[in-house]
Amino acid sequence: YSRHESDVQTANGASIKAEENDLCNWDGLGFSLTPTDYMYLMKCSKGESAFSQGHLTPYGNIELSPSSGVLNYGQGLLEGLKASRGDDNRIRLFRPEQNALRMQMGAKRMCMPSPTTEQFVGSIKQTALANKRWIPPPGKGSLYIRPLLLGTGPILGVAPSPEYTFLAYASPVGNYFKGPLNFAVEDNVYRAIPGGTGGIKSITNYSPNYKAISRAKAKGFTDVLFLDGATGKNIEEGTACNIFVVKGNTISTPPTKGTILPGITRKSIIEIASWLGYQIEERAIPLEELINADEAFCTGTAITVKPVGSVTYQGQRVEYKTAEGTVSEKLYRTLTGIQTGRIEDNMGWIVEI
Ligand code: COI
C-alpha cells in the first residue's frame with residue numbers, strides 16, 4: 001500500500017497539502033467488494049478427476065456456459081479466509097489448510113472434484129501476494145480471500161457438471177457488522193435440515209435466507225438467528241456466523257452434526273477458550289438457554305468475534321452485556337492477537353507469506 005502527500009485543488013482554487021491514498025480509504029473499510037489486481041484460476045477438465053494448470057490472471061469477469069451446472073443447479077462451494085498485515089509489516093494467513101479441508105469435504109457432498117490441500121494453499125498464497133498492495137495497514141482490516149469451486153461445464157439434466165473451475169479473488173475488508181449483533185430469532189424460515197447442506201459452504205445456503213434477513217433488517221435488527229429445522233427449539237447459527245452462549249465459566253455452542261457450518265473461527269475459539277480456562281460444551285442449546293445466558297457472541301471469518309447485544313423472539317427482547325471485560329472481548333483479543341502476530345502462535349495456525 002502507499003500513501004503520499006499531494007496538492008489538492010479546493011473549490012475556490014486554493015492548493016492545499018493533503019494526505020492522499022492511492023488505493024482506497026483504509027479507514028472506511030466495511031465488508032464490501034473492492035476489486036483488486038489478480039485472481040487465481042484452475043480447471044478440472046472433462047474426463048479428469050484432478051485440477052491442473054492453476055495460474056494468476058487479472059481480476060475480471062469469467063465466461064460461463066449458459067448451461068453450466070453452477071448457473072442451472074447451484075453446484076458450487078465458497079470459502080473465506082483472511083491475510084492480515086501485522087505491526088511488524090509481515091503478512092499472515094490464518095489456518096488456510098482448514099479451508100482446503102472444508103472445501104474437500106463440501107466437494108464430496110456436492111459430487112465435485114476438489115483441489116488438493118497443497119494446490120488450495122498455494123493458490124491462496126499467490127492470490128494474497130499478487131494483491132499485496134491491497135492488504136490494509138495494521139489495524140485497518142484485512143485482505144479477504146474468497147475461493148470458489150464451481151461446476152462450470154454444460155449440463156442440461158440434473159447431474160454433476162462435466163467440468164469444474166476453482167477461482168480465488170480478494171478484496172480488502174473491514175468488519176462485517178458495526179457494533180454488537182441484534183438478532184431477530186427466525187421461526188418461519190429454516191437455514192438447514194438434517195441430511196441437507198447446512199454443514200458445508202454450499203453457495204446455495206445463503207440466498208434462501210435473504211427474505212428472512214431483509215424482513216429483520218427492515219425492523220432494525222442486524223441479523224437473524226436460525227433455529228433447528230427438525231424441532232424448531234434449538235439455536236443453530238446466524239446468516240454468516242456460529243453462535244456461542246456464556247453462563248458462568250461455561251461456554252456452549254451447537255455441535256457440527258450436519259446442520260451447523262464447521263467454522264474455522266468457531267473451532268479456533270473453542271481451543272482458545274479452553275486454554276483460557278473456560279469449560280466448553282458442544283451440544284444442542286435450547287433457545288431458553290440463550291435467553292437466560294450471561295453473554296453471547298458469534299464467530300466467523302468475516303465477523304471474527306462479535307458480541308450479541310440483544311435477541312428478540314416473538315416480540316420479547318433480551319439484552320446482554322457487550323462492554324469491556326466480557327468473555328467475547330477476551331477471546332477476540334486473543335484470536336486477533338494471534339492473527340496479527342501480537343501474540344505468539346504456538347499452534348501452527350499461522351502461515352506467513
Ligand atoms: C466468512 O465468514 O468468511 C463467510 O463465509 C461468511 C460469508 C458468507 C460472508
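View 1. Residues are numbered from 1 along each chain as its sequence is written. The model is predicted, and local features need pLDDT of at least 70, side-chain atom pairs count only at pLDDT 80 or more, and totals for chains, interfaces and linings use all residues.

**View 2. The packing of helix 5 against helix 7.** Helix 5 (residues 264–275) and helix 7 (residues 327–340) have axes 10 Å apart and an angle of about 110° between them, the axes being lines fitted to C-alpha atoms over the stretch in contact and the angles running from 0 to 180 degrees between N-to-C directions; helices are DSSP runs (H or I, at least four residues) and strands likewise (E, at least two), numbered from the N terminus. Helix 5 is therefore roughly perpendicular to helix 7, a term for angles of 65 to 115 degrees. Ser 268, Ile 269, Ile 272 and Ala 273 of helix 5 meet Leu 331, Thr 334 and Leu 335 of helix 7, contact requiring C-beta atoms, placed from the backbone, within 7 Å.

View 3. Ala 83 counts as buried because it has 28 C-beta neighbours inside 10 Å, the cut-off for buried being 20 or more other C-beta atoms within 10 Å of a residue's own, with C-beta atoms placed from the backbone. Not counting residues up to four places away in sequence, Ala 83 touches residues including Ile 91, Ala 128 and Ile 145.

Technical notes:
Angles under 35 degrees count as roughly parallel, over 145 as roughly antiparallel, 65 to 115 as roughly perpendicular and the rest as oblique. Two residues are in contact if their C-beta atoms, placed from the backbone, lie within 7 Å. A residue is buried if 20 or more other C-beta atoms lie within 10 Å of its own, exposed if 12 or fewer, and partly exposed in between; C-beta atoms are placed from the backbone.
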